[in-house]
Amino acid sequence: MHINFPLLLVLAVAITGFLALIDLVWLAPKRRKARATYESQVAVTDPEVVGRIGKEPMLVEYGKSFFPVLLVVLVLRSFLVEPFQIPSGSMKPTLEVGDFILVNKFAYGIRLPVLDSKIIPINDPERGDVMVFRYPNDPRINYIKRVVGLPGDRVRYADKALFVNGVKISTSLVEVKLDDELPAGHPMQHMAEVRVMQEQLGETEHLIRVERLAGTPAPNEWLVPAGHYFMMGDNRDNSNDSRYWNSPDMPRELWGMVPDNYIVGKAFAVWMHWPEPKLRNLPSFSRVALIH
């Protein structure tokens, strides 16, 4: 079940704002008039009676109390910064499962909440950005990947090598280690070699993860259409991404390139790590850092 939180938040702001407005233009003047009438009819006013006359209806009281809080949350979440949690390992080693990240909502333009239509253009995504977007196969789900191809780019992936517009993307070996995603004692663990590479993608230097024994999609080349972006995970052998666009290998999970109107924002920082939010497993701040 996917809850449309932005829609619920907009509705909550609208309802509480409406209650506050009704009180401002209609109910509050009636209370003031009733109090003035009572005070003109008695020599000595009873504080208890004055309190009853001036008391706000419970629904209005709650609406007026929650409206400014909800409005601030809506503005911050829709136009400034939104928090997300990383649910999978597709962006290892840049992001780990359980990382809580912050996403800049205005980096690529100001968009209306719920409708997601851009009203003020600011910047376009750049090659190498880590971007949160709505999954093309199910827009109710948010995904996070790295921008590899810009509109008009020709992207090729073959033998674990990435090419953009005919140029092979530069990588250098950082570390060779055993596959930490296999459970301890797995019979293949001693053979499952993982290579951590440093990749230069546009102006961004970042780490990628490549498995020696893992297979790769058949060599393929894609032309990125106008208004779309080609996305890949840094965990190159464990990422469901734009490489599987119209792939016969994944008929039930056709992916697609990400259209501009599906963009949520640019991920820029990890602020907490909590892989299993439980009381016995406390959050950690050891991974707090900017995202590259």
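The second largest pocket of this predicted model has a volume of about 310 Å³. Here a pocket is an open set of points on a 1 Å grid over the protein atoms alone, where a 1.4 Å probe fits, with protein on both sides within 12 Å along at least five of seven lines, and lining residues have an atom within 4 Å of a point. Of the 17 residues lining the second largest pocket, Gln 85, Pro 87, Asn 142, Tyr 143 and Ile 144 are the closest to its centre. Strand β6 (142-149) and strand β1 each supply at least two lining residues, and the largest share, 4 residues, comes from β6.

Strand β7 (residues 154-158) runs antiparallel to β13 (residues 220-223), to which 4 bridges join it; strands are DSSP runs of E of at least two residues, and helices runs of H or I of at least four. Leu 223 is the bridge partner of Arg 154 in β13. A further antiparallel arrangement, also with 4 bridges, links β7 to β8 (residues 161-164), where Ala 161 is the bridge partner of Ala 158. In the hairpin of β7 and β8, with 2 residues between the strands, Asp 159 adopts a positive phi near 55°.

Residues are numbered from 1 along each chain as its sequence is written. Local features require pLDDT of at least 70 and side-chain atom pairs pLDDT 80 or more, while totals for chains, interfaces and linings use all residues, and side-chain values use heavy atoms, with hydrogens and water left out.

Technical notes: Pairing = 2+ DSSP bridges. Points joined across faces, edges and corners; volume = space filled by probe spheres on them.
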